[in-house]
Amino acid sequence: MWRYLVGAVAALLLAGGGMLLWKGTGGARGGFAPQQAAAAMLAQSDDAIPDPPSASEKTREQKRFSRYDHDRDGKVAREEYLAARRKAFARLDVDGDGRLGFDEWAVKAETKFANADKDKSGALNPEEFAVTKVQRKTKPRANCPPAEKPKEDEES
């Protein structure tokens, strides 16, 4: 029980010391308040501080709409909406016939298979197949040891 009392007193002392330091740095005893610094800079010359850039008020959805609205008429036409899909299709349609064959559609998978098949046998053994594993980006996790159970306080 006495540990809790000592902990509470220490916390109060730390908080009080922090407040004294905080109050002491902004006052007239050697501190320099931000308002005073801004006023001193303005007094030096009016040309010294450029106007800050204006922030955009657009939301994420408004920005997405603007990317699709190519002619800036305030509407997204069907052709504007499908333009990104047409570009992706054109990249896959390597022979330019307007039709997407299986080989054109699966070119990434075929390339991955060909690169993995080191012995050019037309089949992947387990070691070669392991190379085709999809590499996913994972979020880093904290590597903390498991928490230990607290020992019971001995009352003295």
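This is a predicted model: local features need pLDDT of at least 70, side-chain atom pairs count only at pLDDT 80 or more; totals for chains, interfaces and linings use all residues.

Biologist: Where does Val107 lie?

Modeller: In helix H6, residues 107-116. Helices here are DSSP runs of H or I with at least four residues, strands are E runs of at least two, and both are numbered from the N terminus.

Biologist: And which residues form the nonpolar patch on the surface?

Modeller: Phe89, Leu92, Leu100, Phe102, Trp105 and Val107, with about 570 Å² of accessible area together. Helix H4 (78-92) and helix H5 (102-105) each give two or more residues to that patch. Patch members have over 30% relative accessible area and no salt bridge; nonpolar side chains (Val, Leu, Ile, Met, Phe, Trp, Tyr) are joined within 5 Å, like charges within 9 Å. Areas come from the Shrake-Rupley method with a 1.4 Å probe, and for residues only the protein chains shown count as cover.

Biologist: What is Leu92 in contact with?

Modeller: Leaving out neighbours within four places in sequence, Leu92 contacts Leu100 and Glu104; contact means heavy atoms within 4.5 Å. Leu92 is also partly exposed, at 31%, and its C-alpha is 6.3 Å from that of Trp105, 13 residues apart along the chain.

Biologist: Switching to charges: which residues form the positive patch?

Modeller: Lys58, Arg60, Lys63, Arg67 and Arg72. Lys and Arg count as positive, Asp and Glu as negative, while His and the chain ends aren't counted. Each charge is placed at NZ of Lys, CZ of Arg, CG of Asp or CD of Glu. Arg72 sits in the loop between helix H3 (60-68) and H4 and is exposed, at 58%.

Biologist: What about Asp93, which side chain of opposite charge is nearest?

Modeller: Arg99, 8.2 Å away; Asp93 is buried yet has no salt bridge, meaning a side-chain nitrogen of Lys or Arg within 4 Å of a carboxyl oxygen of Asp or Glu. Asp93 lies in the loop between H4 and H5.

Biologist: How many helices and strands are in the chain?

Modeller: Seven helices and zero strands. Buried residues make up 9% of the 156 residues.

Methods
Residues are numbered from 1 along each chain as its sequence is written. Side-chain values use heavy atoms; hydrogens and water are left out. Buried means under 20% relative accessible area, exposed over 50%, partly exposed in between (1.4 Å probe, protein chains only).
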